[in-house]
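Please look over the sequence and the model below.

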Amino acid sequence: MTETVHPVDERLPAGKLAALGFQHVLVMYAGAVAVPLIVGRALKLSPDQVAMLISADLFCCGLVTLIQSLGATQWFGIKLPVMMGVTFASVAPMVAMANSNPGVAGAGLIFGSIIGAGVISILIAPVVSRMLRYFPPVVTGTIIAVIGISLMRIGINWIFGNPFGPTAPSVVNPDHAKWLADVGALANATVTPAAPAAAASAPVAAASAPAIVPAIPKGLALVGSVPNPKYAPLSHIGIAALVLASILLIAKYARGFVANISVLLGIIVGGVVATMAGLMSFEKVGKAAWFDVVLPFEIAAPAFDPILILTMSLVMIVVMIESTGMFLALGDMTGKKVDQKMLTAGLRTDGLGTLIGGIFNTFPYTSFSQNVGLVGVTGVRSRFVCVAGGVILIVLGLLPKMAALVESLPTFVLGGAGLVMFGMVAATGIRILSNVDYKTNRNNLFIVAISIGIGMIPLIAPNFKQWMPHSIHPLIESGILLASITAVALNIYFNGADGDTSDAVAAARQADAH
């Protein structure tokens, strides 16, 4: 008798594997490259360094996907059709770290916190796999909604320009700047004392000599008062609107796979139009090599800060809880029961992927739910499809020209797609919250309302922490972390910790846009 092979372990023909694997790569590609673009530009890294981030990110996406889907020893890999990518939950904390410590030094702090969080995540994976009851839909829906809302600011700034720097809405009036420079020159001028005889013979002239201008106070700066032509030019807004319109048209009128890659296709349309308008240059693509190896610590050596490691570890706990629900939902979809051992191996791989990400100067990794949704759409349950996708991602990571092409995309092209990507994250949270019981348990309203309000504090009042100890700033400047801690604490306060996992699995099924 021939042994029956479970659909998850079925090995498909090579051609079909490659086609389906490429399909998975296209579905996740826009989301995968968004995070290195966001963090790299927040760190003010050079275009070449941002391109390195993108290459390393794609390489690590593929490597961790292979570990998760194929398995590596009994300790790592859930052996289900899972594609791994950078989690959006980590973006806001990393951007906050980048704003506080820009440049290569800040990058080292971020990578050090990621390595530390990866090690901690590997160690606590067995414990986290049993914590799902603390994250019912009222908690996960709130957290995902706050993630999306927090990211929307990035997408909007991509379109119009950052509120500070060269694209700030207002710039200093040139006349005012000239006046301040002239005053500064007078303040710095030294007066040569006149000879006694000359002073005696010309008392009137000496008396009428101009007074010395007081020195300009240290830190004095002029405020921008003139509209900046580089902020929100109509050409940028028009192309961003075209990207958004393209995505909406494809999503409505296309079917199946094409509809699933509407965001990627919209970015391509925007890139073509930007090129035709002379707003996109391929100079960096031409200079980039065709092939290059991704090396550890290529951008920065890690620097380890305990508070930053704690911050990223808290993010990873939230990410691993999301992965837990996702793995259980995927087990239901594929007909393969996910036991405690499998679940722990999958979560341990989240931690290993994050550790690998820090070593290769990229970011924390988790299962991409868009691809989980694609498993349901295509009906193909073989994990070897994702193995093929992982191999394709590794190859893409070794092609610097591909990374340079992505880095060359103008931010306003990405902004049109960012509204969709980040808005869909928020909408997913809202959809999960729509199934929460508010009628018989009004306390759930308090959990949602207060958690979202607390999560908005860093977004609306970023300087709220100015009188607090500087050592705790990394913990409190992320609205996602504040919302997560608040939601979990309030849920325990109002509802206890007696929930089961069925609601969390149902919520994970709904998170196919996250």
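In this predicted model, 87% of the contacts in the protein chain with a separation of 6 or more are between residues 24 or more positions apart. The secondary structure of the chain consists of 22 helices and 4 strands. Of its 514 residues, 52% are buried. The chain exposes about 23,200 Å², and 68% of that area comes from carbon and sulfur atoms.

Charged side chains can be followed next. The count of salt bridges comes to 4. One of them joins the side chains of E407 and R41, with 3.8 Å from N to O. E407 belongs to helix α17 (residues 400-408) and R41 to helix α1 (residues 14-42), so this pair ties together parts that lie 366 residues apart in sequence. E407 is buried, at a relative accessible area of 7%, whereas R41 is partly exposed, at 27%.

Another salt bridge is formed by D182 and K178, whose closest N and O atoms are 3.2 Å apart. Both residues sit in helix α6 (residues 174-188), and because they are 4 residues apart there, about one helical turn separates them. D182 has a relative accessibility of 38% and counts as partly exposed; K178, at 54%, counts as exposed.

A further salt bridge pairs E477 with K465, the closest N and O atoms being 3.8 Å apart. E477 is in the loop between α20 (473-476) and α21 (479-495), while K465 is in the loop between α19 (443-460) and α20, and the two are 12 residues apart. Both E477 and K465 are buried.

Note on methods:
Residues numbered from 1 in each chain as written. Predicted model: local features only at pLDDT ≥ 70, side-chain atom pairs only at ≥ 80, totals over all residues. Heavy atoms only, no water. Buried < 20%, exposed > 50% of the residue type's maximum accessible area, 1.4 Å probe, protein only. Contact = heavy atoms within 4.5 Å. Areas by Shrake-Rupley, 256 points an atom, 1.4 Å probe, with all protein chains shown as cover.
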